[in-house]
Amino acid sequence: MNRKLSSILVTGGAGFIGVNFIRHLFERAGFDGRIVNLDAVTYAGNPASLADLSAGYKRHYDFVRGDICDRGTVEKVFEDYQIDTLVHFAAESHVDRSILGPEAFVRTNVMGTFTLLDVARMKWKGRDDVLFHHISTDEVFGSLGETGYFHEATPYDPRSPYSASKASSDHLVRAYHHTYGLPITLSNCSNNYGPYQFPEKLIPLMIQNMLEGKALPVYGDGRNIRDWLYVEDHASAIWTILGRAESGSSYNVGGENEWENLRLLEKLMEVVAAKSGKSLDAIRGSITYVKDRPGHDRRYAINCDAIKRDLGWRQALTFDEGLERTVDWYLSNQAWVDSIRSGEYQKWIDMNYAAR
Ligand code: NAD
Ligand code: TYD
């Protein structure tokens, strides 16, 4: 393996997983190259999430506000920073939003990924010391019944506009490898949770609503199952793949941690009540069954034996530890929640970072 891994373009690095990945590289993995964070700063992105990176890391870090669908912007970043590695997180990521407005998902997830691939192909012609790593989801595999797991070879069967757009992008990434020889790796992960997640996804939304005394909306019968992965474990999996995986390979990354939504909610209510001093009975009384999500996938569960066997990756945290850390983080970071929900910080970004 002669990968350079020295000038890394992270797309969507102002979003939930991207922020945690950049922190992981600087604060835990000992990375001492350069990271360029290209992010359009949609409702879900907040570059201020990295504002406290210590001065030592700041010399190695640049933020560029820009759209991955804009070819000129992507080309300029490749030229300005001599990019040798691309880690692609940028996406529209919320299933409910994809049901209400699918177009943005096709644009960013399909056209944006295409633009990045095509620029990488032109700029990296013939090189084998470079890598395009694409972050995808287990939702491309469809929905499981009561038994079975998604494996790397499970046929694709996406069912929401979100998962269909991610599946399209996965196919394009593999097509660029097979057709043009672009060095790529790909990972499909399960539901992430942890600090810096926009409070529209299940865990942060429920934490916030518990803290604010609001209703806790449970879709359908609350018996859908997800496999929860702590975001820092996901970050370490990606870093492992960048360093060790063969070009052309795909790995599933999961928490091996399946929970029915209602059971998860019960656990979360206990942690929030214990840490916030709120009444557990009052929180329990806020559970509200609401209309089910159209086409709601029943169960996701990942088999991640391959990344453990081939690359030696392991999850580091138990679910109890991960949930405790997550609730602690939200309790201590209500200003971040207010800021990202209000979109106020975007005015500051508009003044300081004109979109390219
Ligand atoms: P997120 O919604 O929190 O962040 C997405 C980021 O991408 C934001 O900072 C946003 O500003 C940026 N972005 C959106 N459109 C852009 C564009 N056109 N150009 C540049 N930047 C743009 O998402 P996340 O939860 O951090 O997810 C990151 C990746 O991981 C996505 O590709 C998602 O599909 C995948 N994934 C997420 C999960 C999960 O549980 N969150 C699970 C599996 C896979
Ligand atoms: P979500 O966090 O949106 O992730 P995904 O749909 O991509 O897996 O939802 C996780 C599960 O929680 C899913 O079964 C839908 C359910 N859910 C609710 O019951 N209520 C909510 O308010 C939300 C956001 C999700």
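Reader: How far is the sulfur of Cys-189 from the closest cysteine sulfur?
Author: The closest one is in Cys-304, 11 Å away, so the gap is too far for a bond. This is a predicted model, where local features need pLDDT of at least 70, side-chain atom pairs count only at pLDDT 80 or more, and totals for chains, interfaces and linings use all residues. Residues are numbered from 1 along each chain as its sequence is written, chains are lettered from A and ligands numbered from 1 in the order in which they are written, and side-chain values use heavy atoms, with hydrogens and water left out.

Reader: Ok, how many disulfides then?
Author: Zero disulfides, where a disulfide is a pair of cysteine sulfur atoms within 2.5 Å.

Reader: Is Cys-189 buried or exposed?
Author: Cys-189 is buried, at a relative accessible area of 6%. Buried means under 20% relative accessible area, exposed over 50%, and partly exposed in between, using a 1.4 Å probe and protein chains only.

Reader: Switching to the largest nonpolar core. Which residues have the most contacts inside it?
Author: Phe-21, Ile-35, Met-210 and Leu-268 do, in a core of 56 residues. Helix 9 (residues 261–276) gives the largest share of this core, eight residues. A nonpolar core here is a set of buried Ala, Val, Leu, Ile, Met, Phe, Trp, Tyr and Cys residues joined through side-chain atoms within 4.5 Å. Helices (H or I, at least four residues) and strands (E, at least two) are DSSP runs, numbered from the N terminus.

Reader: What's in the second core?
Author: That separate core has 24 residues, including Val-36, Leu-38, Ala-120 and Leu-186.

Reader: And what does Ile-35 touch?
Author: Leaving out residues up to four places away in sequence, Ile-35 touches Ile-8, Val-10, Ile-22, Leu-25, Phe-26, His-60, Tyr-61 and Asp-62. Contact means heavy atoms within 4.5 Å.

Reader: Back to helix 9. At what angle does helix 9 pack on helix 12?
Author: About 50 degrees, with the axes 10 Å apart. That makes helix 9 oblique to helix 12, and the crossing is right-handed. Axes are lines fitted to C-alpha atoms, for helices over the stretch in contact, and angles run from 0 to 180 degrees between N-to-C directions. Under 35 degrees counts as roughly parallel, over 145 as roughly antiparallel, 65 to 115 as roughly perpendicular, and the rest as oblique. A crossing is right-handed if the near helix is turned clockwise from the far one by less than a right angle, left-handed if anticlockwise.

Reader: How does helix 7 cross helix 12?
Author: The axes of helix 7 (residues 202–211) and helix 12 (residues 319–332) come within 11 Å and cross at roughly 55 degrees. So helix 7 is oblique to helix 12, in a right-handed crossing. Among the residues meeting there are Ile-203 and Pro-204 in helix 7, and Leu-323 and Thr-326 in helix 12.

Reader: What about helix 1 and helix 8?
Author: The axes of helix 1 (residues 16–28) and helix 8 (residues 231–244) come within 9 Å and cross at roughly 65 degrees, which makes helix 1 roughly perpendicular to helix 8.

Reader: New topic: where is Ser-160?
Author: Ser-160 sits in the loop between strand 5 (131–137) and helix 6 (161–180). Ser-160 is buried, with a relative accessible area of 10%, and touches Val-95 and Ser-98, not counting residues up to four places away in sequence.

Reader: How far is Ser-160 from Ile-35?
Author: They are 32 Å apart in space, C-alpha to C-alpha, and 125 residues apart in sequence.
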